[in-house]
Amino acid sequence: MTDTEIRLQELSKKVGENSAYDFQRTVELATDNLIKNIDNSFITDETNHDYVTYVFANILDRIIDQSKLKHLN
């Protein structure tokens, strides 16, 4: 088992197996959807990479912000 797999397994136990699976599956489906949409557009690979990087950075920021807000309440 890789370090990443071990870490994911540890985190899954902390948040709950079902919650972890549901969250991961939701993110995977959204990612697949994004890939399909981008692949069907006529943009350059560089723009494609920049856009995907922006989207994921934005999503990670939102997740972190939400978790901080929950801890403050």
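Which residues of helix 2 are buried? They are Ala20, Leu34 and Ile38. Buried means under 20% relative accessible area, exposed means over 50%, and partly exposed lies in between (1.4 Å probe, protein chains only).

This is a predicted model: local features need pLDDT of at least 70, side-chain atom pairs count only at pLDDT 80 or more, and totals for chains, interfaces and linings use all residues. Residues are numbered from 1 along each chain as its sequence is written, and side-chain values use heavy atoms, with hydrogens and water left out.

Start with the whole chain. The protein chain has 3 helices and 0 strands. Its elements run α-α-α from the N terminus on. The radius of gyration is 16 Å, well over the 11 Å that the globule rule gives for 73 residues, so the protein chain is more spread out than a compact globule. That radius is taken over C-alpha atoms, and the globule rule is 2.2 Å times the number of residues to the power 0.38. Helices (H or I, at least four residues) and strands (E, at least two) are DSSP runs, numbered from the N terminus.

The C-alpha atoms fill a box of roughly 40 × 35 × 20 Å along the principal axes. Buried residues make up 8% of the 73 residues. The accessible surface comes to about 6700 Å² (Shrake-Rupley method, 1.4 Å probe). Carbon and sulfur atoms hold 56% of that surface.

Now follow the helices. Helix 1 has 13 residues. From its first C-alpha to its last, helix 1 reaches 18 Å, close to the 18 Å expected at 1.5 Å a residue. The expected span is 1.5 Å times one less than the number of residues. Arginine 7 is found in helix 1, residues 3-15. Its relative accessibility is 44%, so arginine 7 counts as partly exposed.

Helix 2 covers residues 17-39. Its 23 residues should span 33 Å, and its end C-alpha atoms are 32 Å apart, which agrees.

Helix 3 covers residues 45-72 and holds asparagine 48. Asparagine 48 counts as buried because its relative accessibility is 13%. What does asparagine 48 touch, not counting residues up to four places away in sequence? Its contacts (heavy atoms within 4.5 Å) are Ile38, Asp39 and Ile43. Ile38 is itself one of the buried residues of helix 2.
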